[in-house]
Amino acid sequence: KTMSDVLSDDGSINQDDSQEDVMTPAELIAKLEEAWLNEKFSPELLESKSEVVECVMEQLTHMESNLQRVKKGDAKASVHRMEIDRIRFVLSSYLRSRLQKIEKFFPHVLEKEKSRGEGDPSLLSPEEFAFAKEYYANTETYLKAVALKRMPPNLQTVDLLKAVPEPCLDSFVFLRVKERQENILVEPETDDQREYVVDLEEGSQHLIRYRTVAPLVSSGAVQLI
Amino acid sequence: MNVNKVNGFTFQSDANKNVFTAFCCYKPPFEASGAAARFHWFVLGGLPPSDVTEPRDQTRIFAANVSSSSDIFSPRNKKFNFAGLCLVSPGFTGMFCEKAVELIRELHRMSDGQLPAFNEDGLRQVLQEMEALYEQNQSDVNEAKTDGRSDLIPSIKLRHCCLLRNQRCITAYLYDRLLRIRALRWEYGSVLPANVRFQLSAEELQWFGRYKKSLSCFMRSLGGAEAGGEGLDITQDMKPPKSLYIQVRCLEDHGELEIDDGTVILLKKNSQHFLPRWKCEQLIRQGVLEHVVS
């Protein structure tokens, strides 16, 4: 693989606080692409994957510096350049997806992060958390200064949790099953339907309501496509 | 069954004139003769009046509950029971919340995300209406308490509904504009073209400035503080890379551009260059360069 050519070390990546074994660059990029697709197609903001982001950025830095050492005009250089650009695109797109959802659902995202349990995984990276808080403060300050404080006394606040819509968890998503699942309960959509149970075979693809499979997306049992 | 036609409204009352059924929806029906007043038909639930005859005789609100504005808009032929009408104030020339809805419509008309100029006047008018409604309510509430005038309660509730609606419309107007302004950062970069800046109010420009700062702080921090790097500019790489280099034509003089390998290109109007794609993206979006597809 091209990346192993470009990397001058043994091509492996260490993850500081990971319980997994050392990942190869290919595995890291595959993880990035999975996170990217899941985030792109999920209606709600998914768990933060800071480790993946940091490792990919380190990877890109390695690749860039190795590229400097390649002789100019060497045909390999343009292929490596393309590889770097592609990875950077996926990473940027992933982070943009997240930022868009953070902005769109900002009061809910902050509420969820503030009220999560100690051991629960983070919804937001520290940088995203700071950004979300700033976005909230910026918007609230603006609305107050321009309109709310000029309104009658009993109308000077707006509950942003009520005013800003929540993500629609009932939107439909396409997915591919990575790990076989049994007895998934599918809730009825209308009053004349009944709930039913479905098995998800490995490798099969489905169009299903996000709400039904949300825990499977975070566990990695299914991949949104 | 009495049937009366008033300004396109058909309403019926039963033999006791207790329940009125109206066909049609929300609009000011008519002007009472002899008084510069308009009667507003609202959908009201609750107690029917016992002495409603000709609408123009009525000057007080009778119904007990005011339903939400969503009940007011009805498809044709859907009937609503209402128990009366109210004279809100003499000389009142329009519906409540009209100006607020106009603000919303102004934005709704530009559905492609364009930003019209900030409607300072419109905002001020809605806030003035809110102040007037509130003051009327304050005095009615006092009267209701001291003189036991419980018949004022429906109009108090009505004005409160209008106040909430105005608040909601104003916040929706302001917030939707912020969303459009946010999109400008992603479209044009941190420097807005003059003709776009012109459409923003001073406070909106402040919001934009804080948003920009917050975003660039975020981007710089990507990859972890320990990495000591410059982060990642995620406003670049908006499209998947298809080719490394692209042919561009310069649309205006833009001075010098340094590429990664140190070469300096002079961007003179109408000159054409074969440049790395990632260097050109933002300049293309800003209109400085044009991608030449041969």
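What follows is a set of questions and answers about this predicted model.

User: Let's start with chain B. How many helices and strands are there in chain B?
Analyst: This is a predicted model, so everything here is read from predicted atoms. Chain B has 294 residues, and 43% of them count as buried. As for its elements, the tally for chain B is seven helices and 13 strands.

User: Now the place where the two chains meet. How much area is buried between chain A and chain B?
Analyst: Chain A brings 40 residues to the contact and chain B brings 49. On the chain A side, Arg96(A), Asn138(A) and Tyr142(A) lose the most area to chain B, together 16% of what that side buries. Carbon and sulfur atoms give 69% of the area buried between the chains, which comes to about 4000 Å².

User: Which helix of chain A gives the most residues to the side that touches chain B?
Analyst: Across this interface there are 12 residue pairs in polar contact. Helix 3 (50-69), helix 4 (75-104) and helix 6 (126-146) of chain A each supply at least two residues of the side that touches chain B. That side of chain A divides into 20 nonpolar, seven polar and 13 charged residues. With 15 residues, the top contributor is helix 4.

User: Which residue of chain B forms a salt bridge with Glu103(A)?
Analyst: Side chains of opposite charge can pair when their charged atoms come close. Between chain A and chain B the count is two salt bridges. In the one with Glu103(A), the closest N and O atoms are 2.3 Å apart, and the partner is Arg182(B).

User: Staying with salt bridges, are Arg98(A) and Glu128(A) buried or exposed?
Analyst: The side chains of Arg98(A) and Glu128(A) meet in a salt bridge, at 2.8 Å from N to O. Arg98(A) sits in helix 4 and Glu128(A) in helix 6 of chain A, so the pair links distant parts of the chain, 30 residues apart. Both residues are buried.

User: Asp159(A) and Lys162(A) meet in a salt bridge too. Is Lys162(A) buried, partly exposed or exposed?
Analyst: This pair has an N to O distance of 3.6 Å. Asp159(A) has 39% relative accessibility, so it counts as partly exposed. Lys162(A) has 71%, and over 50% is the cut-off, so Lys162(A) counts as exposed.

User: How far apart in the chain are Arg249(B) and Glu290(B)?
Analyst: Their side chains meet in a salt bridge of 3.2 Å, N to O. Arg249(B), at 29% relative accessibility, is partly exposed, and Glu290(B), at 32%, is partly exposed as well. Arg249(B) lies in strand 9 and Glu290(B) in strand 13 (residues 289-291) of chain B, and the separation is 41 residues.

User: Phi of Asp237(B) has a positive value. Is Asp237(B) buried or exposed?
Analyst: Most residues other than glycine have a negative phi. Asp237(B) has a phi near 50°, and this residue is found in the loop between helix 6 (202-220) and strand 9 (245-250) of chain B. Its relative accessible area is 4%, and under 20% is the cut-off, so Asp237(B) is buried.

User: And Asn183(A), with its positive phi: is Asn183(A) buried or exposed?
Analyst: Phi of Asn183(A) is near 55°. Asn183(A) lies in strand 2 (residues 181-186) of chain A. Its relative accessibility is 55%, so Asn183(A) counts as exposed.

User: Last one: which backbone nitrogen does the side chain of Asn119(B) reach?
Analyst: Asn119(B) is in the loop between helix 2 (98-109) and helix 3 (120-147) of chain B, and it is buried, with a relative accessible area of 17%. Its side chain joins that of Glu106(B) in a polar contact of 2.8 Å. The backbone nitrogen that the side chain of Asn119(B) reaches, at 2.8 Å, is that of Gly122(B).

Conventions: Residues are numbered from 1 along each chain as its sequence is written. Chains are lettered from A and ligands numbered from 1 in the order in which they are written. This is a predicted model: local features need pLDDT of at least 70, side-chain atom pairs count only at pLDDT 80 or more; totals for chains, interfaces and linings use all residues. Side-chain values use heavy atoms; hydrogens and water are left out. Helices (H or I, at least four residues) and strands (E, at least two) are DSSP runs, numbered from the N terminus. Buried means under 20% relative accessible area, exposed over 50%, partly exposed in between (1.4 Å probe, protein chains only). Contact means heavy atoms within 4.5 Å. Buried area is the accessible area (1.4 Å probe) that two parts lose on being put together, summed over both. A salt bridge is a side-chain nitrogen of Lys or Arg within 4 Å of a carboxyl oxygen of Asp or Glu. A polar contact is a pair of N or O atoms within 3.5 Å; within protein, one must be able to donate a hydrogen and the other to accept it, and residues adjacent in sequence count only if both atoms are side-chain atoms. Ala, Val, Leu, Ile, Met, Phe, Trp, Tyr, Cys and Pro count as nonpolar, Asp, Glu, Lys and Arg as charged, and the others, Gly among them, as polar.
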